[in-house]
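Look at the structure before reading on.

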Amino acid sequence: EKGGYEHFMLKEIFEQPRSILDSMRGRLELESGHLNMAGFRAYEQKFVNAHRIIIVACGTSWHAGLVAEYLIEDLARIPVEVEYASEFRYRNPVISERDIVIAISQSGETADTLAALELAKSKGATIFGICNVVGSSIARATDAGAYTHAGPEIGVASTKAFTAQVTVLALLAMCIGQRRGTLSDTKLRELMVELHSIPTKVEKALKLDAEIQRISETFKDVPNFLYLGRGYNFPVALEGALKLKEISYIHAEGYPAAEMKHGPIALIDENMPVVVIATRDSSYEKVVSNIQEVKARKGRIIAVVTEGDTTIPAMAEFVVEVPYTSEVLVPLVSVIPLQLLSYHIAVMRGCNVDQPRNLAKSVTVE
Ligand code: F6R
(Lines give C-alpha, C1' and ligand atoms only; values in the text may rest on other atoms or scores of the structure.)
Protein backbone atom coordinates (compact mmCIF):
# COMPACT_ATOMS: atom_id res chain seq x y z
CA GLU A 1 0.00 0.00 0.00
CA LYS A 2 2.99 2.27 0.52
CA GLY A 3 4.14 1.41 -2.99
CA GLY A 4 7.60 0.39 -1.85
CA TYR A 5 8.17 3.54 0.19
CA GLU A 6 9.00 3.36 3.85
CA HIS A 7 6.30 5.84 4.83
CA PHE A 8 3.12 7.27 3.36
CA MET A 9 4.59 10.74 3.69
CA LEU A 10 7.52 9.90 1.42
CA LYS A 11 5.23 8.16 -1.05
CA GLU A 12 2.99 11.22 -1.11
CA ILE A 13 5.92 13.61 -1.55
CA PHE A 14 7.01 11.58 -4.56
CA GLU A 15 3.48 11.44 -5.97
CA GLN A 16 3.42 15.20 -6.49
CA PRO A 17 4.29 15.34 -10.19
CA ARG A 18 1.24 13.15 -10.70
CA SER A 19 -1.12 14.80 -8.21
CA ILE A 20 -0.33 18.26 -9.60
CA LEU A 21 -0.98 17.00 -13.12
CA ASP A 22 -4.24 15.38 -12.00
CA SER A 23 -5.32 18.66 -10.40
CA MET A 24 -4.97 20.53 -13.70
CA ARG A 25 -6.08 17.77 -16.04
CA GLY A 26 -9.06 18.89 -18.13
CA ARG A 27 -8.73 22.40 -16.69
CA LEU A 28 -5.63 23.59 -18.48
CA GLU A 29 -5.78 22.98 -22.21
CA LEU A 30 -2.58 24.11 -23.75
CA GLU A 31 -3.42 23.34 -27.39
CA SER A 32 -6.67 25.28 -27.49
CA GLY A 33 -5.44 27.83 -24.94
CA HIS A 34 -8.54 27.28 -22.80
CA LEU A 35 -9.01 27.22 -19.07
CA ASN A 36 -11.99 25.14 -17.95
CA MET A 37 -13.20 25.36 -14.41
CA ALA A 38 -16.85 24.47 -14.16
CA GLY A 39 -17.19 25.74 -10.58
CA PHE A 40 -15.76 29.08 -11.60
CA ARG A 41 -17.90 29.42 -14.69
CA ALA A 42 -21.09 29.02 -12.68
CA TYR A 43 -20.11 32.01 -10.52
CA GLU A 44 -18.08 33.96 -13.05
CA GLN A 45 -20.08 37.15 -12.64
CA LYS A 46 -19.78 37.04 -8.88
CA PHE A 47 -16.02 36.78 -9.18
CA VAL A 48 -15.86 39.62 -11.69
CA ASN A 49 -17.84 41.92 -9.40
CA ALA A 50 -16.43 40.77 -6.08
CA HIS A 51 -15.30 43.57 -3.78
CA ARG A 52 -13.13 41.25 -1.82
CA ILE A 53 -12.15 37.63 -1.47
CA ILE A 54 -11.76 36.16 2.00
CA ILE A 55 -9.91 32.89 2.32
CA VAL A 56 -10.58 30.73 5.39
CA ALA A 57 -8.54 27.66 6.27
CA CYS A 58 -6.30 26.09 8.93
CA GLY A 59 -2.73 24.80 8.99
CA THR A 60 -1.15 23.87 5.70
CA SER A 61 -4.33 24.79 3.84
CA TRP A 62 -4.02 28.27 5.36
CA HIS A 63 -0.51 28.46 3.88
CA ALA A 64 -1.94 27.56 0.47
CA GLY A 65 -4.41 30.39 1.11
CA LEU A 66 -1.53 32.82 1.65
CA VAL A 67 -0.04 31.81 -1.69
CA ALA A 68 -3.47 32.42 -3.21
CA GLU A 69 -3.51 35.93 -1.76
CA TYR A 70 -0.41 36.76 -3.76
CA LEU A 71 -1.77 35.01 -6.85
CA ILE A 72 -5.23 36.58 -6.86
CA GLU A 73 -4.04 40.10 -6.04
CA ASP A 74 -1.29 39.83 -8.64
CA LEU A 75 -3.26 38.30 -11.49
CA ALA A 76 -6.86 39.32 -10.81
CA ARG A 77 -6.48 42.55 -8.80
CA ILE A 78 -9.14 41.72 -6.22
CA PRO A 79 -8.21 42.44 -2.59
CA VAL A 80 -7.75 39.23 -0.64
CA GLU A 81 -7.73 38.52 3.08
CA VAL A 82 -6.51 35.23 4.45
CA GLU A 83 -7.99 34.21 7.76
CA TYR A 84 -7.44 31.45 10.26
CA ALA A 85 -10.91 29.95 10.28
CA SER A 86 -10.86 29.76 14.07
CA GLU A 87 -10.16 33.49 14.46
CA PHE A 88 -12.47 34.66 11.72
CA ARG A 89 -15.55 32.96 13.09
CA TYR A 90 -15.26 34.33 16.60
CA ARG A 91 -14.55 37.91 15.63
CA ASN A 92 -17.87 39.28 14.39
CA PRO A 93 -16.32 39.75 10.94
CA VAL A 94 -17.67 42.25 8.42
CA ILE A 95 -19.05 40.27 5.48
CA SER A 96 -21.43 41.21 2.67
CA GLU A 97 -23.07 39.73 -0.42
CA ARG A 98 -20.29 41.25 -2.52
CA ASP A 99 -17.70 39.07 -0.79
CA ILE A 100 -16.55 35.69 -1.95
CA VAL A 101 -15.29 33.34 0.70
CA ILE A 102 -12.94 30.59 -0.41
CA ALA A 103 -12.69 27.70 2.04
CA ILE A 104 -9.62 25.50 1.57
CA SER A 105 -9.51 22.07 3.19
CA GLN A 106 -7.87 18.79 2.29
CA SER A 107 -10.17 16.66 4.42
CA GLY A 108 -13.22 18.83 3.97
CA GLU A 109 -14.04 18.03 7.61
CA THR A 110 -12.13 20.66 9.61
CA ALA A 111 -14.66 21.94 12.15
CA ASP A 112 -13.43 25.54 12.32
CA THR A 113 -13.28 25.91 8.54
CA LEU A 114 -16.78 24.50 8.18
CA ALA A 115 -18.16 26.81 10.88
CA ALA A 116 -16.41 29.84 9.33
CA LEU A 117 -17.99 29.23 5.95
CA GLU A 118 -21.41 28.64 7.49
CA LEU A 119 -21.10 32.01 9.21
CA ALA A 120 -20.11 33.75 5.96
CA LYS A 121 -22.93 32.02 4.15
CA SER A 122 -25.46 33.27 6.70
CA LYS A 123 -24.29 36.83 5.91
CA GLY A 124 -24.91 36.32 2.21
CA ALA A 125 -21.39 35.75 0.89
CA THR A 126 -20.79 33.34 -1.96
CA ILE A 127 -18.84 30.30 -0.79
CA PHE A 128 -16.29 28.61 -3.03
CA GLY A 129 -14.60 25.42 -1.83
CA ILE A 130 -11.22 23.89 -2.58
CA CYS A 131 -11.39 20.39 -1.08
CA ASN A 132 -9.64 17.12 -1.73
CA VAL A 133 -12.19 14.71 -0.31
CA VAL A 134 -15.18 14.38 -2.60
CA GLY A 135 -18.55 14.75 -0.90
CA SER A 136 -16.97 15.95 2.37
CA SER A 137 -18.88 18.25 4.73
CA ILE A 138 -17.16 21.42 3.52
CA ALA A 139 -17.57 20.47 -0.14
CA ARG A 140 -21.28 19.96 0.46
CA ALA A 141 -21.71 23.25 2.29
CA THR A 142 -20.28 25.41 -0.53
CA ASP A 143 -22.11 27.11 -3.42
CA ALA A 144 -19.46 26.04 -5.90
CA GLY A 145 -15.88 24.90 -5.93
CA ALA A 146 -13.06 23.01 -7.54
CA TYR A 147 -11.71 19.77 -6.16
CA THR A 148 -8.03 19.11 -5.85
CA HIS A 149 -7.23 15.71 -7.33
CA ALA A 150 -4.37 14.77 -5.04
CA GLY A 151 -5.79 11.33 -4.26
CA PRO A 152 -6.04 10.06 -0.68
CA GLU A 153 -3.52 11.66 1.66
CA ILE A 154 -2.72 9.26 4.50
CA GLY A 155 0.34 10.83 6.11
CA VAL A 156 -0.78 13.28 8.78
CA ALA A 157 1.67 15.90 7.51
CA SER A 158 0.11 17.41 4.43
CA THR A 159 2.34 17.44 1.33
CA LYS A 160 0.67 16.59 -1.96
CA ALA A 161 -2.57 18.24 -0.82
CA PHE A 162 -0.70 21.55 -0.46
CA THR A 163 0.75 21.52 -3.98
CA ALA A 164 -2.60 20.41 -5.40
CA GLN A 165 -4.30 23.32 -3.62
CA VAL A 166 -1.77 25.81 -4.94
CA THR A 167 -2.23 24.39 -8.46
CA VAL A 168 -6.01 24.78 -8.34
CA LEU A 169 -5.73 28.25 -6.78
CA ALA A 170 -3.30 29.31 -9.53
CA LEU A 171 -5.80 28.12 -12.14
CA LEU A 172 -8.57 29.99 -10.35
CA ALA A 173 -6.53 33.20 -10.19
CA MET A 174 -5.80 32.85 -13.91
CA CYS A 175 -9.52 32.34 -14.68
CA ILE A 176 -10.52 35.41 -12.66
CA GLY A 177 -7.71 37.51 -14.15
CA GLN A 178 -8.67 36.52 -17.68
CA ARG A 179 -12.34 37.26 -17.09
CA ARG A 180 -11.64 40.60 -15.41
CA GLY A 181 -9.17 41.62 -18.08
CA THR A 182 -6.37 42.16 -15.56
CA LEU A 183 -4.28 39.42 -17.12
CA SER A 184 -3.14 39.94 -20.72
CA ASP A 185 -3.46 37.11 -23.23
CA THR A 186 0.30 36.97 -23.56
CA LYS A 187 0.89 36.73 -19.83
CA LEU A 188 -1.91 34.17 -19.46
CA ARG A 189 -0.42 32.06 -22.23
CA GLU A 190 2.99 32.26 -20.59
CA LEU A 191 1.60 31.14 -17.25
CA MET A 192 -0.33 28.28 -18.83
CA VAL A 193 2.83 27.00 -20.49
CA GLU A 194 4.72 27.39 -17.22
CA LEU A 195 2.08 25.64 -15.10
CA HIS A 196 1.99 22.83 -17.63
CA SER A 197 5.72 22.27 -17.11
CA ILE A 198 5.52 22.21 -13.29
CA PRO A 199 5.15 18.41 -12.90
CA THR A 200 8.43 17.91 -14.79
CA LYS A 201 10.13 20.52 -12.62
CA VAL A 202 8.81 18.93 -9.43
CA GLU A 203 10.13 15.60 -10.73
CA LYS A 204 13.52 17.24 -11.04
CA ALA A 205 13.34 18.80 -7.57
CA LEU A 206 12.62 15.35 -6.14
CA LYS A 207 16.04 14.24 -7.39
CA LEU A 208 17.46 16.34 -4.52
CA ASP A 209 16.41 13.58 -2.13
CA ALA A 210 19.87 12.06 -1.55
CA GLU A 211 21.48 15.46 -1.17
CA ILE A 212 18.87 16.54 1.36
CA GLN A 213 19.38 13.32 3.28
CA ARG A 214 23.06 14.30 3.68
CA ILE A 215 22.11 17.78 4.87
CA SER A 216 19.60 16.28 7.32
CA GLU A 217 22.38 14.24 8.90
CA THR A 218 24.17 17.47 9.85
CA PHE A 219 21.15 19.08 11.49
CA LYS A 220 19.18 16.19 12.95
CA ASP A 221 20.09 17.01 16.56
CA VAL A 222 19.54 20.77 16.63
CA PRO A 223 16.79 22.19 18.88
CA ASN A 224 15.72 25.09 16.62
CA PHE A 225 15.33 26.08 13.00
CA LEU A 226 14.47 29.33 11.29
CA TYR A 227 12.89 29.52 7.81
CA LEU A 228 12.98 32.72 5.77
CA GLY A 229 11.36 33.72 2.50
CA ARG A 230 9.85 36.76 0.82
CA GLY A 231 6.96 37.29 -1.55
CA TYR A 232 5.60 34.02 -2.91
CA ASN A 233 8.20 32.19 -0.84
CA PHE A 234 7.05 33.65 2.47
CA PRO A 235 4.18 31.15 2.80
CA VAL A 236 6.66 28.45 1.77
CA ALA A 237 8.87 29.41 4.72
CA LEU A 238 5.87 29.02 7.05
CA GLU A 239 5.01 25.68 5.50
CA GLY A 240 8.61 24.41 5.77
CA ALA A 241 8.68 25.32 9.46
CA LEU A 242 5.30 23.68 10.12
CA LYS A 243 6.39 20.46 8.41
CA LEU A 244 9.54 20.29 10.52
CA LYS A 245 7.88 20.97 13.85
CA GLU A 246 4.96 18.63 13.40
CA ILE A 247 6.92 15.53 12.44
CA SER A 248 10.39 15.99 13.98
CA TYR A 249 9.33 17.97 17.11
CA ILE A 250 12.13 20.46 16.45
CA HIS A 251 11.05 23.99 17.20
CA ALA A 252 10.93 25.94 13.95
CA GLU A 253 9.71 29.35 12.93
CA GLY A 254 8.92 30.72 9.52
CA TYR A 255 9.36 34.45 8.98
CA PRO A 256 9.20 36.95 6.14
CA ALA A 257 12.94 37.46 5.58
CA ALA A 258 12.76 41.23 6.05
CA GLU A 259 11.02 40.91 9.41
CA MET A 260 14.02 39.13 10.82
CA LYS A 261 15.70 42.38 11.76
CA HIS A 262 12.68 43.32 13.88
CA GLY A 263 13.31 40.60 16.43
CA PRO A 264 14.22 37.06 15.41
CA ILE A 265 17.71 38.15 14.37
CA ALA A 266 18.50 38.12 18.09
CA LEU A 267 18.26 34.32 17.94
CA ILE A 268 20.98 33.91 15.38
CA ASP A 269 24.33 32.54 16.42
CA GLU A 270 26.63 29.77 15.21
CA ASN A 271 24.16 27.13 16.38
CA MET A 272 21.13 28.37 14.48
CA PRO A 273 20.28 26.72 11.16
CA VAL A 274 18.48 29.13 8.84
CA VAL A 275 16.73 27.81 5.77
CA VAL A 276 16.44 30.61 3.22
CA ILE A 277 14.29 30.23 0.14
CA ALA A 278 16.11 32.41 -2.33
CA THR A 279 14.93 31.61 -5.83
CA ARG A 280 15.43 33.95 -8.80
CA ASP A 281 12.51 36.34 -8.60
CA SER A 282 11.74 39.98 -7.93
CA SER A 283 12.89 39.82 -4.30
CA TYR A 284 16.12 37.94 -5.00
CA GLU A 285 18.53 40.83 -4.34
CA LYS A 286 16.77 41.63 -1.07
CA VAL A 287 16.95 38.01 0.05
CA VAL A 288 20.67 38.00 -0.72
CA SER A 289 21.10 40.91 1.72
CA ASN A 290 19.09 38.99 4.31
CA ILE A 291 21.46 36.05 3.85
CA GLN A 292 24.37 38.42 4.48
CA GLU A 293 22.74 39.56 7.71
CA VAL A 294 22.45 35.95 8.89
CA LYS A 295 25.99 35.16 7.81
CA ALA A 296 27.39 38.17 9.66
CA ARG A 297 25.98 36.61 12.84
CA LYS A 298 27.42 33.19 11.96
CA GLY A 299 24.06 31.54 11.36
CA ARG A 300 24.23 28.26 9.42
CA ILE A 301 22.62 28.86 6.05
CA ILE A 302 20.81 26.24 4.02
CA ALA A 303 19.65 27.95 0.84
CA VAL A 304 17.11 26.86 -1.74
CA VAL A 305 18.15 28.57 -4.96
CA THR A 306 17.35 28.51 -8.66
CA GLU A 307 19.53 26.27 -10.83
CA GLY A 308 22.68 28.03 -11.93
CA ASP A 309 22.82 30.58 -9.09
CA THR A 310 26.44 31.62 -8.59
CA THR A 311 26.09 34.23 -5.82
CA ILE A 312 24.52 32.31 -2.95
CA PRO A 313 26.73 29.18 -3.08
CA ALA A 314 29.61 31.41 -2.00
CA MET A 315 27.65 32.50 1.08
CA ALA A 316 25.74 29.43 2.27
CA GLU A 317 26.89 26.28 4.05
CA PHE A 318 24.49 24.16 1.99
CA VAL A 319 22.76 24.96 -1.26
CA VAL A 320 20.05 23.01 -3.05
CA GLU A 321 19.07 23.97 -6.59
CA VAL A 322 15.52 23.83 -7.93
CA PRO A 323 14.49 24.40 -11.57
CA TYR A 324 13.54 27.92 -12.62
CA THR A 325 9.86 28.74 -12.89
CA SER A 326 7.76 31.86 -13.01
CA GLU A 327 7.69 33.72 -9.70
CA VAL A 328 3.96 33.20 -9.25
CA LEU A 329 4.31 29.41 -9.42
CA VAL A 330 7.54 29.07 -7.48
CA PRO A 331 5.98 27.64 -4.26
CA LEU A 332 5.11 24.47 -6.20
CA VAL A 333 8.80 23.82 -6.70
CA SER A 334 10.49 25.47 -3.73
CA VAL A 335 8.40 23.61 -1.13
CA ILE A 336 9.67 20.20 -2.33
CA PRO A 337 13.14 20.32 -0.71
CA LEU A 338 11.57 21.56 2.54
CA GLN A 339 9.17 18.61 2.65
CA LEU A 340 12.10 16.24 2.09
CA LEU A 341 14.22 17.96 4.74
CA SER A 342 11.54 17.59 7.41
CA TYR A 343 10.92 13.99 6.41
CA HIS A 344 14.57 12.91 6.63
CA ILE A 345 15.27 14.75 9.85
CA ALA A 346 12.20 13.17 11.46
CA VAL A 347 13.18 9.68 10.31
CA MET A 348 16.72 10.17 11.62
CA ARG A 349 15.31 11.23 14.99
CA GLY A 350 13.24 8.06 15.12
CA CYS A 351 9.91 9.87 14.93
CA ASN A 352 6.69 8.35 13.69
CA VAL A 353 6.41 10.52 10.60
CA ASP A 354 3.07 9.23 9.37
CA GLN A 355 1.39 9.62 12.75
CA PRO A 356 3.07 12.32 14.77
CA ARG A 357 2.14 12.59 18.43
CA ASN A 358 -0.90 14.70 19.39
CA LEU A 359 -2.04 15.16 15.77
CA ALA A 360 -4.99 13.82 13.82
CA LYS A 361 -5.50 13.81 10.08
CA SER A 362 -8.68 15.75 10.28
CA VAL A 363 -9.47 18.08 13.12
CA THR A 364 -13.19 17.79 13.74
CA VAL A 365 -13.09 19.46 17.14
CA GLU A 366 -13.30 23.24 17.50
C1 F6R B 1 -0.24 20.09 8.41
C2 F6R B 1 -1.59 19.59 8.55
C3 F6R B 1 -2.64 20.43 9.22
C4 F6R B 1 -3.81 20.60 8.25
C5 F6R B 1 -4.96 21.35 8.92
C6 F6R B 1 -6.09 21.61 7.97
O7 F6R B 1 0.59 19.19 7.78
O8 F6R B 1 -1.87 18.50 8.12
O9 F6R B 1 -2.11 21.66 9.57
O10 F6R B 1 -3.36 21.26 7.11
O11 F6R B 1 -5.42 20.62 10.03
O12 F6R B 1 -6.64 20.44 7.48
P13 F6R B 1 -7.61 20.42 6.25
O14 F6R B 1 -6.86 20.88 5.06
O15 F6R B 1 -8.06 19.00 6.13
O16 F6R B 1 -8.74 21.35 6.56
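## Around the ligand

Ser61, Ser105, Ser107, Thr110 and Glu246 come nearest to the ligand, out of 14 residues around it. A residue is near if one of its heavy atoms lies within 4 Å of the molecule. The model is predicted: local features need pLDDT of at least 70, side-chain atom pairs count only at pLDDT 80 or more, and totals for chains, interfaces and linings use all residues. Residues are numbered from 1 along each chain as its sequence is written, and side-chain values use heavy atoms, with hydrogens and water left out.

The shell around the ligand divides into four nonpolar, eight polar and two charged residues. Here Ala, Val, Leu, Ile, Met, Phe, Trp, Tyr, Cys and Pro count as nonpolar; Asp, Glu, Lys and Arg are charged; the others, Gly among them, are polar. H5 and H13 each supply at least two residues of this shell. Helices (H or I, at least four residues) and strands (E, at least two) are DSSP runs, numbered from the N terminus.

## Polar contacts and burial

A polar contact is a pair of N or O atoms within 3.5 Å. A polar side-chain atom of serine 105 lies 2.6 Å from a ligand oxygen. For lysine 243, a side-chain N or O atom is 3.0 Å from an oxygen atom of the ligand. Threonine 60 uses its backbone: a polar atom there is 3.0 Å from a ligand oxygen.

How much of the ligand does the protein bury? Taken alone, the ligand exposes 410 Å², and the protein buries 89% of that. Areas come from the Shrake-Rupley method with a 1.4 Å probe.

## The largest pocket

The ligand sits in the largest pocket, meaning that more than half of its atoms lie within 2 Å of the pocket's grid points. A pocket is an open set of points on a 1 Å grid over the protein atoms alone, with protein on both sides within 12 Å along at least five of seven lines; a cavity is a set where a 1.4 Å probe fits but cannot get out; lining residues have an atom within 4 Å of a point.

The largest pocket holds about 520 Å³ of space. Of its 22 lining residues, Cys58, Gly59, Thr60, Lys361 and Val363 are closest to the centre. H5 gives the largest share of the lining, three residues.

## The largest cavity

The count comes to one cavity of 30 Å³ or more. About 50 Å³ of space lies in the largest cavity. Its lining divides into nine nonpolar, no polar and no charged residues. H15 gives the largest share, three residues.

Technical notes: Grid points are joined across faces, edges and corners, and a volume is the space filled by probe spheres set on the points. A polar contact is a pair of N or O atoms within 3.5 Å; within protein, one must be able to donate a hydrogen and the other to accept it, and residues adjacent in sequence count only if both atoms are side-chain atoms.
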